[in-house]
Amino acid sequence: MIPHAPILAILIPLFAAFLMPVVGIFARWKGLKRAREWFAIAAVLVEFAIVVSMLPAVWGGQVLVYQLGGWQPPWGINLAIDGLNLLVALIVAGIGTLVMIYSFVYMERDTGLDQYYTLFLLILAGMMGVALTGDIFNLYVFFEIMCISSYALVAFRRNWQSIEASIKYMIVSSLGTSFILLGVALLYGLAGSLNIADLAQKLGPVASSAVIVPLALFVTGFGIKIAMVPLHMWLPDAYQAAPSAVAALFSGATATVGIYAMMRVVYTLFGALAIGIMFATLGLVTMVLGAFMALVQRDLKRLLAYSCISQIGYILLGIGLGTTLGIQGGLFHLFNNAIYKTMLFMIVGAIIYRVGTSNMDELGGLWKNMPVTGTLFVVGALAISGVPPFNGFASKWTIYVAGIEAGQPVFTIIALITSALTLAYFLKALNSIFLGQRPAHLKDVKETPRSMLLPIILLAVLCVVFGVLPQLGIDLVRPAQEALMNSSGYISAVLGGA
Amino acid sequence: MVYEPVLFGPGFWGPIVATAALLLIAAVTWLILICGRRITKAQPSDQKMQTYACGEVLEAEEVHADSEQFFSPIRRVFKPFYRYVRPGHTGILSTYLFWVVVGLIIILVAIAVVLG
């Protein structure tokens, strides 16, 4: 492991974000083209390497506890890394790297890229902080950093639609973060601590009626971020208005971090495994509503945004079932969702880059012009719809089996029907964009640039690999599942002899 | 009448075997397509490339399926659902905030029921 890896994983993107304007000025002064892009890519690659360096220790069963300033928890702030948050950190760093490479060409026509890369690195630092911290107040602070950067990124294009979507997102999300802050305050009042492990230990003997309100505030706050129905309405507006690279990052990484924060607080901090049935039920409603709304969309980005909501439902269902298989399925789906959702948003971005619109009524017959992009879209669409041999099938199948094993066959049937609906709206998208008659003005459209195709192809390969070798995916998420179900191990590792 | 249980066993899913089978089927399909391809040389003309509908010549843009009409039967079947759910997604901020409050109440009640 790289020395000081836990804190470096947060500091590298944070410092790179603050250095970015200087790098931009220096690059313009010296006439160095693309210097800031290479700097940003280098920063995320280093971050990815740092996260990967922690894998052997954590997958070997250790909980890495990094004490800031040498203060013993619960007195000092600490970073605590187990299988669960390392999986999330891996997703954040991996998706961040690929989206950064994608942005290299995708964002080249935009102005103000110093700000774009600054915000991008800042959101990565925020996400990494949420994932790795062992302190609930720090989690809130990093969550705010992530949210504030995301409001600015949604409004990055500075047109009417993006500014409106950003303001709506900001108001709704601020309400959510206020709930989280209120929850933190109530917890501090109850237990007199801010360390997650210490809080979990101290809340054990507290009467369950005392934790209802803070728990509800946390679930609602994080529920807004992950767009759980009925807290989801900001998401389609924000994703549609944001640049596709940003939407790809949001759908792949930010949603993952939101789910992680909810699971960490509910299962580790409160030990409230009993409310899993509420997550499973809300997950079902989320998946069904998302799918039905996606079915009637005209804009591909908006369709994908509703699809995001629907897939979050699957994850909540799996994790909410509370069984070993259910949690494995939910976490495997979380991992897979990050892969194909990022990929699909990158493909929309490629279409917008070449054609200028994502309105499906203005597209058609693009397979002739963009065969590679079309093939990749088919891979993504089949993967997300749960069609074998792609990764979505493996994780959805695990959730279906978990539903039956948990004595909830109705949940499985609804999930299966929703999967069919998912395939239906992706077939509609495929037909509207790549098949059928090609409008005359699209005759000269070119294939997606290679540097934009590279991350998409990498993600498509992952879709196939984790579909053909599902055991690889299950092995990848098993340490996370074990960590989620073993909160006492986390508590004793963090507090040690304290 | 006594029914005898029909046991199917634990079932089998081998992703590598399934993928190999899918690839094999795709290869066979491709071979069939190759066998059935045009032998004569294509002779496109402007007249042949036009799209006719009841004697009318249509432009490519006009024959493109409207995405709103895709799966319209499903929309008709679930009309009550769309009638009540779609107005909530029209972009009005106060509606969004209203649903956040509703969500908080639902979650609060659900947690109180489960933990209480």
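Helices here are DSSP runs of H or I with at least four residues, numbered from the N terminus. Everything below comes from a predicted model, in which local features need pLDDT of at least 70 and side-chain atom pairs count only at pLDDT 80 or more, while totals for chains, interfaces and linings use all residues. Residues are numbered from 1 along each chain as its sequence is written, chains are lettered from A in the order in which they are written, and side-chain values use heavy atoms, with hydrogens and water left out.

**View 1. The largest pocket and the helices around it**. Helix 2 (35-59), helix 3 (83-106), helix 13 (324-355) and helix 17 (450-468) of chain A each bring at least two residues to this lining. Helix 3 of chain A has the largest share, 7 residues. A pocket is found on a 1 Å grid over the protein atoms alone, as an open set of points with protein on both sides within 12 Å along at least five of seven lines; a lining residue has an atom within 4 Å of a point. To get a volume, grid points are joined across faces, edges and corners, and the space filled by probe spheres set on the points is taken. For the largest pocket that gives about 350 Å³. Look for A:F48, A:L90, A:G94, A:L98 and A:L462, which lie nearest the centre among the 20 lining residues. The lining has 18 nonpolar, 2 polar and no charged residues. In this scheme Ala, Val, Leu, Ile, Met, Phe, Trp, Tyr, Cys and Pro are nonpolar, Asp, Glu, Lys and Arg are charged, and the others, Gly among them, are polar.

**View 2. The largest cavity, in chain A**. A cavity is a set of grid points where a 1.4 Å probe fits but cannot get out. The model has 2 cavities of 30 Å³ or more, and the largest holds about 50 Å³. Its lining includes A:K225, A:Y239, A:S251, A:C308 and A:N337. Helix 8 (212-226), helix 9 (234-241), helix 10 (244-269) and helix 12 (300-321) of chain A each give two or more residues, with helix 12 supplying the largest share, 3 residues. By class, the lining has 8 nonpolar, 2 polar and 1 charged.

**View 3. The second largest cavity, with its nonpolar lining**. Its volume is about 30 Å³. Around it sit A:L84, A:L87, A:V88, A:I259, A:Y260, A:M263, A:L331 and A:L334. Helix 3, helix 10 and helix 13 of chain A each supply at least two of the lining residues.

**View 4. Where chain B meets chain A**. Counting heavy atoms within 4.5 Å as contact, 41 residues of chain B touch 58 residues of chain A. Buried area, the accessible area (1.4 Å probe) that two parts lose on being put together, summed over both, is about 4,400 Å² here, and carbon and sulfur atoms give 77% of it. On the chain B side, helix 1 (15-35), helix 3 (72-77), helix 4 (79-85) and helix 5 (93-115) each supply at least two residues. Helix 5 of chain B gives the most, with 15 residues. The chain B side divides into 28 nonpolar, 8 polar and 5 charged residues.

**View 5. A salt bridge between A:R34 and A:E108**. The rule asks for a side-chain nitrogen of Lys or Arg within 4 Å of a carboxyl oxygen of Asp or Glu. Over all chains it finds 12 salt bridges, with 0 between chain B and chain A. In this pair, the closest N and O atoms are 2.9 Å apart. A:R34 lies in the loop between helix 1 (5-30) and helix 2 of chain A, and A:E108 in the loop between helix 3 and helix 4 (113-132) of chain A, so the pair ties together parts 74 residues apart in sequence.
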